[in-house]
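Subject: Handing over the structure we discussed

Dear colleague,

Please find the structure below, followed by notes on what was found in it.

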Amino acid sequence: MGPVDISLIQLLSAYVFVVALMFILRIRRIPREKEVLVASIRMTFQLMLAGFVLSYILDHPSPLYTILAVLVMEIFAIYNVYKRARLSLPARVKKRLEFFIAISVSTGTLLSLVYFLYVVVKISPWFDPRYVIPLAGMIIGNSMTGVSLGVKALSESITVQKNIVEMALMLGARPKDAVRMFSDKAFDSAILPTLNSMIGMGIVFLPGMMTGQILSGTSPITAIKYQIAIMLGILGGVTISVSVFLYLGYKAFFNREDQLIV
């Protein structure tokens, strides 16, 4: 027995939750109705577009289409990190940070994805979009969130507590050592959401990938094995991406003479 189809009327009925949220926001006088409306509309159109594109790619499997799909996801993820960071920093610092963000997101996600596909799942052919695109989306999306949190935590710590950094520099510390405690704090902040998801998974909630597989008729045991594997892949993507960013990112705040420039 396959999954139960959802009619257009049934789908529209789910938007009652959006209406309820906007009603509560209005009562509490929280000015977020516009954001909720925009988010709901964007989500709907983006998913509809993604559905049509994925249907075409799945019906016409090609290495070119698969690579393009992953590339588009990477570009949007990097762009979203830029937007989420909302950096109020000197142009020179901001430009270097954006460069390091692009390197870290792409490096961490691609390394994790390639390892997962060729060592854990061992798909054939290597460009099979049924596996590559959904798995890439989960790894890239979570890494995007992790790097966003890391960027925000590191930037805020250095700019707000720059006197501590400057004091350490005056005492002879290298830039890397002067910001070490801020980097450690940023790393902790970045990986915490992923760890919390892992802790609650299976008891507090059933993740989307596992639920989707079960609804499509896959054995729960097989779905569980895939979910465990992809969560570890996500953890790897977040860890590598955030580590690469923190290894490079702090350098954006210093000039060639190791002076703080914020």
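Where is the place of Asp 128? Asp 128 sits in the loop between α5 (91-121) and α6 (129-160), where helices (H or I, at least four residues) and strands (E, at least two) are DSSP runs, numbered from the N terminus. Please bear in mind that this is a predicted model, in which local features need pLDDT of at least 70 and side-chain atom pairs count only at pLDDT 80 or more, while totals for chains, interfaces and linings use all residues. Residues are numbered from 1 along each chain as its sequence is written, and side-chain values use heavy atoms, with hydrogens and water left out.

With a relative accessible area of 9%, Asp 128 is buried; buried means under 20% relative accessible area, exposed over 50%, and partly exposed in between (1.4 Å probe, protein chains only). The C-alpha atom of Asp 128 is separated by 19 Å from that of Gln 227, which is 99 residues apart from Asp 128 along the chain.

The loop between α5 and α6 also holds Lys 122, which has a positive phi of about 55° although it is not a glycine, and which counts as exposed because its relative accessibility is 62%.

The unreviewed UniProt entry annotates several stretches as "transmembrane region", among them residues 97-119 and 228-250; UniProt positions are given in the numbering used here, feature names are shortened, and annotations may be inferred rather than shown by experiment. In the model, residues 97-119 are 100% helix and 0% strand, with 32 Å between the end C-alpha atoms, and residues 228-250 are 96% helix and 0% strand, with end C-alpha atoms 33 Å apart.

The domain assignment divides the chain into domain 1 (1-60) and domain 2 (63-252), with bounds that come from an automatic or database domain assignment, and the centres of the two domains, taken over C-alpha atoms, are 26 Å apart.

The largest pocket holds about 1,200 Å³ of space. On a 1 Å grid over the protein atoms alone, a pocket is an open set of points with protein on both sides within 12 Å along at least five of seven lines, and lining residues have an atom within 4 Å of a point. Of the 27 residues that line the largest pocket, Gln 46, Ala 50, Val 72, Met 73 and Phe 76 are the closest to its centre. The elements that give two or more residues to this lining are α3 (33-59), α4 (63-85) and α6, and α4 gives the most, with ten residues. Because domain 1 and domain 2 both give residues to the lining, the largest pocket lies between them.

Finally, the largest nonpolar core has 51 residues, of which Leu 154, Val 165, Phe 245, Phe 253 and Phe 254 touch the most other members; such a core is a set of buried Ala, Val, Leu, Ile, Met, Phe, Trp, Tyr and Cys residues joined through side-chain atoms within 4.5 Å. To this core α6 gives the most, with eleven residues.

With best wishes

Conventions
1 Å grid on protein atoms, 1.4 Å probe; cavity = no way out; pocket = protein on both sides within 12 Å on 5 of 7 lines; lining within 4 Å. Points joined across faces, edges and corners; volume = space filled by probe spheres on them.
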